[in-house]
Structures are given as structure tokens and as C-alpha cells.
Amino acid sequence: MSSRNRNARPNRNSGSTQGEEAHLWAQIKDDIRTMIDGVNSSNDALRNIIAQDNYIAKNKESIVDMGAEESKLDSMLRGSVKGTDLSKQQIDALYEHVTVLRALVKAREDTDAQVAGSSGLSGRERPMLSSSVRSSSARGAEKEKEKEKEREREILKEREREREKDRDPSSVYEFDGGPDSPVPSPLGSHTRKLGGSGGAGSDRSGNRDSIPPRDTPSKGDSVPPEPIGAGSATAAQRAKVTFFKGQDVVFKPKPASVNDTTEWMLGRVQQVLGEGKSRRYKVQDADPDVPLGERSEFRTSASSMIPLPVAGVELGDLEKGKTVLALYPDSTTFYKAEVMGSDAANGKVSLRFEGEENNVTTQLVDRRFVVEYRN
């Protein structure tokens, strides 16, 4: 009887270990329920955002206070971002609890297997093996905890990098979808021209000999950009420039995909959204061949915009050989060009556009539409 009682004696640590496992399992089930509720809330918020966006798109002509509707959509997007961050934190917590529980279960199973295998050892050897098994199990659990701590440190570092990126004035926050939010253009393959002076030969993409090649030189082969005026601005300085409603600007839409490219375009600011670092602008394409109410609109930031001087303002001459960004004649697109000379009498600048180096003639562009070069 006494021998049977000794063999049936349970592991001293098994009770506390199983109790901890039960507690963790209960916590995991609570985490799963909380996570599911968070995901459902995020889905509801996404449906509301889509509904609001569709409402604005369908009723933009009849909405009395468009600013209020835009602000409502902006608030919904901010709330959705916060909900997504909370869901990520819940998933991280769930993953941590599951990892710890897995380590505890594995350590207990290893201990039980080794203790069961030692049943044939002598009474003197059995306590020594039991102590060794407990020490090995503890070391395994410690290693798992160290690995988990390392994963947590990596997550914290990644979040810190994201926060640093958010602090950059030239960066954009997630709910704006990048510096610009391109709207599909109704133009299709229609050529961009400046109205009133079209005709044969006025199309830059036509059959004239001054077509610039689409495979433009790489950064290493191109002429280094030079400033216009007092000096070129850095990305941070450009982000601090503010624009106002009705202002004429040069802007660059965000490409629809990584394989697409876009050019600098002539546009006009239609609306100013937000304040401070979160300020964004709604800019309308100034293509005169499209009716005013059907022109594409883009949401962009100051770092993707260049202000145009007010018409009639006297502007200084440009140094010959300077690299600039200029409006191509009979179009609404800006391209890289080299200053060949200036005509102060009529306010024109003589330019040779990139890709037209072999042309004998140059192009004359109003000084107002020649701005600092930007990629």
C-alpha cells in the first residue's frame, strides 16, 4: 500500500502549472471575443466610409455644405485608423498569450514524459532526474519568454519608425491614401491641350519632330536641378508652404500604380482641408477641353505642389543654361527644359525642352509658367 501511494504521488509543480494554463486559456478566449468585436466594428466603420464617399460623389452638385460632408468623411477615416490600430494591439496580445501557453504546455508534456520514463530508476536516481527535468523545463520556458520579449522589442521599434515617418512634414497620413488621391480621368486617351490654339502641330504627342522621348535619362545622367530665385526649397520647407482657394498651381498627381508615371500639370486649388501638418488640398485639373464641372479633381499635399505667380506680376530674368520646369506650348503639362534666353519686352522665355536637343528652333513660354525644376 505504501509503495502504491509513493508511485501515485503527483508532481508538486503540476497543480500550479495547470492552473496557470487554465488561466491563460480563459484569457485567450476573452481576447478572441474582444478581437472579433473589434473586427466587426472596423467592418462597420468601413461600410459607413464607403457609403459617405458614394454619397459625396453622387450628390456633389446638390450638397449645400460640401465642407461639412468632407469633414464628416475625414472624421470617419480617422476613427477607422484608430480602430485598426486597436485591433492590431488586440491581435498582438492574443499572439503573446498563445505563445506563452504553448511554451507552458510543451514544458509540462516534456516533464511528464521524462518522469514517466524514469519510473524504472532507483529511488536515489529518481529525485535527481526530477530536479534535472524541472530545471530543463524552467530553462525552456525562460527561452520562450526571451524570444517573446525580443519580438515585442521589434514591434516597438517598428511602431517608433512609423511614428518618425508620421512626424515628417512631407509624409502623408494613412487615411489620405498618400500625397494624392487620383480620380479616374474622363479624358481616356484624349490629348491635353491649352484651349484656343490647337490645330495640327500643337499636340506634343503628335507627329512633330519635337517629341521628347518617354525613356528620359536617369538621375545620374540628367542635369542637376537648379533653383529659381533665392534658392531651391527642401521637402520640409515646401511642406510648410500654404496655398489658398482659387490659386493657380503646378501639381503632380500620384501614379495609379508603381509601374505608372505622372507629369506635372496645371491646376487650380478648389478646397483647403485640415490645418497644420494634416492640411491637404483639393486641386482641379485645368484642362480647358473638358467642361468645368467634369474636370478631374485630386487630393494632394503642399510637397506635391508648386505655386504659380499671379498674372501681371513683374518677374526677373532667368540665367541662360538654368534647368527649369515649364508649361509646354498648347498644353497643360509641365516638362523639364533648359533656359536659352529671355525676352523682357513680351515676357517670354526661350526654352529647349528635354528630348528636343536636336531641334534648331526653341519654344517660347510665358515667364509666369516657368518654375523651379522638380522631379
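## Arg-159 and its contacts

Beyond its neighbours within four places in sequence, Arg-159 touches Lys-88, Gln-89 and Asp-92 (contact means heavy atoms within 4.5 Å). Arg-159 sits in helix H4, residues 125-167. Its relative accessibility is 26%, so Arg-159 counts as partly exposed (buried is under 20% relative accessible area, exposed over 50%, partly exposed in between, with a 1.4 Å probe and protein chains only).

## Basis of the model

This is a predicted model: local features need pLDDT of at least 70, side-chain atom pairs count only at pLDDT 80 or more, and totals for chains, interfaces and linings use all residues. Residues are numbered from 1 along each chain as its sequence is written, and side-chain values use heavy atoms, without hydrogens and water.

## The chain as a whole

The chain has five helices and 10 strands (DSSP runs numbered from the N terminus: helices H or I of at least four residues, strands E of at least two). Of its 375 residues, 31% are buried. Among contacts with a separation of 6 or more, 62% join residues 24 or more positions apart.

## Aromatic pairs

The structure holds four aromatic pairs (rings of Phe, Tyr and Trp, the last by its six-membered ring, with centres within 6.5 Å; planes under 30 degrees apart are stacked, over 60 edge-to-face, the rest tilted). Phe-243 and Tyr-281 have ring centres 5.4 Å apart and planes at 85°, so this pair is edge-to-face. The pair links distant parts of the chain, 38 residues apart. Phe-243 lies in the loop between helix H5 (235-240) and strand S1 (248-251), Tyr-281 in strand S3 (residues 280-285). Both Phe-243 and Tyr-281 are buried.

Tyr-328, Tyr-335 and Phe-353 form one aromatic cluster.
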